[in-house]
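Welcome! Let us walk through this structure together, one part at a time.

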Amino acid sequence: MSMKLPAFTPAQESLFLTLGGRALDSRLPHPFLGDTMADEIITKAGYDLARFPSLTTKFLDQRSRVFDIAVRAKTLDDLVRRFISDHPDAVVLDLGVGLDTRMFRIDPPLTVGWYDIDFPEVMGLRARVVPPRAGAHGIGADLTDPDWLEGVPGSRPAMIVADGLIAFLNQDGFVSLLNRLTRHFPSGELAFNLYTRNAIWALKHLSSMAVIADGVVNPGFDNPRQPERWVGGLKLVEEIFLTRAPEVAGLPLLLRATARLAAPSARLSRLIGTVVVRYRF
Ligand SMILES: C[S@@+](CC[C@H](N)C(=O)[O-])C[C@H]1O[C@@H](n2cnc3c(N)ncnc32)[C@H](O)[C@@H]1O
């Protein structure tokens, strides 16, 4: 029998879109990410994925429906892995973690301190469906609240990752969060998926995203260098276009051809596909 889920706000409910995408990916014969834990968790929670028609539509095949969610998680995982291998004493912060089990996928050494942060309501559900793990710390907080970072050691290099979060932070909250994070740690990296202004428009207006539209409050930005102007000392290191990902080869012909046509152009790649950005501070 599935469990009784808390009444979530649209921003909080968005966690089921990404979790659902990874769960459906794991059911593919040749998954992009292969996170079977995501499937176990969504089954345990009993969430109805039909609330996100983009995951269940019959007009797209399953690989196309999950590509962006699964491959962006994989891309962010790889960035975290690389940082940890260079900094075994790192702290990792997964901002807006939802029910993601990135730590289980990455399996960091015990020298790494891992912090998962989301609203208290979400962390409450997380405690019921995600098994505990040595080295993992959960923080239930609104990320725009200035105090939650006090519980995170500020003397070690930090890898800060945010998968699917930024759309749900208002502009002032986002910019002040970035400034607090970069002041708190001596050095580190920050990686997240970019929401362009078009992507934000789509999230707010596509009927397939109606469940979360009211939670989308960030205006989005098209220039990946924009955060350098908001935060002193932040430097863009890399912009990763999923149109150029090797996993494109696993897409059906039409989407594969579209991605390959767009891939040479950064502007087109930002327009039609997911982009992951990595900064250093
Ligand atoms: C699209 S979901 C992504 C969840 C997870 N990163 C994943 O990939 O499955 C966005 C998450 O950000 C969280 N979130 C949004 N605004 C937040 C805030 N101000 N403070 C804490 N968490 C927030 C939501 O609760 C939700 O879990």
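Before we start, helices (H or I, at least four residues) and strands (E, at least two) are DSSP runs, numbered from the N terminus. This is a predicted model, in which local features need pLDDT of at least 70 and side-chain atom pairs count only at pLDDT 80 or more, while totals for chains, interfaces and linings use all residues. Residues are numbered from 1 along each chain as its sequence is written, and side-chain values use heavy atoms, leaving out hydrogens and water.

Let us begin with the whole chain. Its secondary structure comes to 12 helices and 7 strands. The C-alpha atoms fill a box of roughly 50 × 50 × 35 Å along the principal axes. For 281 residues, a compact globule would have a radius of gyration near 19 Å, and the chain, with 18 Å, agrees. (That radius is taken over C-alpha atoms, and the globule rule is 2.2 Å times the number of residues to the power 0.38.)

Now look for the sheet. Its 7 strands form an open sheet in the order β3-β2-β1-β4-β5-β7-β6, with mixed pairing; two strands pair if DSSP finds at least two bridges between them. β3 (136-140) and β6 (235-241) stand at the edges with a single partner strand each, so one side of each has no neighbour in the sheet.

Helix α7 (residues 120-129) lies across β2 and β3, running at about 120° to β2. Helix α5 (residues 62-86) lies across β1, β2, β4, β5, β6 and β7, at about 175° to β4. Here contact means heavy atoms within 4.5 Å, and axes are lines fitted to C-alpha atoms, for helices over the stretch in contact, with angles from 0 to 180 degrees between N-to-C directions.

Finally, follow the helix packing. The axes of α2 (residues 15-26) and α3 (residues 36-45) come within 7 Å and cross at roughly 120°. α2 and α3 are therefore oblique to each other (under 35 degrees counts as roughly parallel, over 145 as roughly antiparallel, 65 to 115 as roughly perpendicular and the rest as oblique). Among the residues making this contact are F16 and L19 of α2 and I41 and I42 of α3. α2 also packs with α5, at about 115° with axes 8 Å apart, and α2 and α5 are therefore roughly perpendicular. There, residues including L17 and L24 in α2 meet residues including V66 and I69 in α5.
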